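Dear colleague,

Please find the structure below, together with its sequence. My notes on the findings follow directly after it.

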Amino acid sequence: MKVKVQVPTSLSDIKLSQYQKFLKTTEGSEDNDWVNKQAIAIFCNLSDKLVKQIHRKDFNNVLNTINSII
């Protein structure tokens, strides 16, 4: 199954509500893998189920893009 994912490319692509949700959801977590999955789910508007289906290479590319703008 192919799914088109809208990856934010600048801060203006990320809504304040998304950033606040990310902070609240990941607050106090020391599990980096889970935090990374939440970042992709929240900032790309994906379900946790879809995030788990992303190939590792694509996952890393999306995560690098998100990390570079945050």
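The crossing of helices α1 and α2 is right-handed in this predicted model. Helix α1 covers residues 16–26 and helix α2 residues 32–43; their axes come within 10 Å and cross at roughly 155°. Angles over 145 degrees count as roughly antiparallel, and α1 and α2 are therefore roughly antiparallel to each other.

On the α1 side, the contact is made by Q18, Y19, K21, F22, T25 and T26. The α2 side contributes W34, V35, Q38, A39, I42 and F43. Sorted by class, this contact of α1 with α2 comprises seven nonpolar, four polar and one charged residues.

Two residues of this contact, F22 of α1 and F43 of α2, deserve a separate note. A search of the whole structure for aromatic pairs returns one. That pair is formed by F22 and F43, with 5.2 Å from centre to centre and 45° between the planes, and it is tilted. Because F22 lies in helix α1 and F43 in helix α2, the pair ties together parts that are 21 residues apart in sequence.

F22 has a relative accessibility of 12% and so counts as buried. F43, with a relative accessible area of 3%, is buried as well.

In short, the right-handed crossing of α1 and α2 includes F22 and F43 in its contact, and these two residues form the tilted aromatic pair.

With kind regards

Conventions:
Residues are numbered from 1 along each chain as its sequence is written. This is a predicted model: local features need pLDDT of at least 70, side-chain atom pairs count only at pLDDT 80 or more; totals for chains, interfaces and linings use all residues. Side-chain values use heavy atoms; hydrogens and water are left out. Axes are lines fitted to C-alpha atoms, for helices over the stretch in contact, and angles run from 0 to 180 degrees between N-to-C directions. Helices (H or I, at least four residues) and strands (E, at least two) are DSSP runs, numbered from the N terminus. Angles under 35 degrees count as roughly parallel, over 145 as roughly antiparallel, 65 to 115 as roughly perpendicular and the rest as oblique. A crossing is left-handed if the near helix is turned anticlockwise from the far one by less than a right angle, and right-handed if clockwise. Contact means heavy atoms within 4.5 Å. Ala, Val, Leu, Ile, Met, Phe, Trp, Tyr, Cys and Pro count as nonpolar, Asp, Glu, Lys and Arg as charged, and the others, Gly among them, as polar. Rings of Phe, Tyr and Trp (its six-membered ring) pair if their centres lie within 6.5 Å; planes under 30 degrees apart count as stacked, over 60 as edge-to-face and the rest as tilted. Buried means under 20% relative accessible area, exposed over 50%, partly exposed in between (1.4 Å probe, protein chains only).
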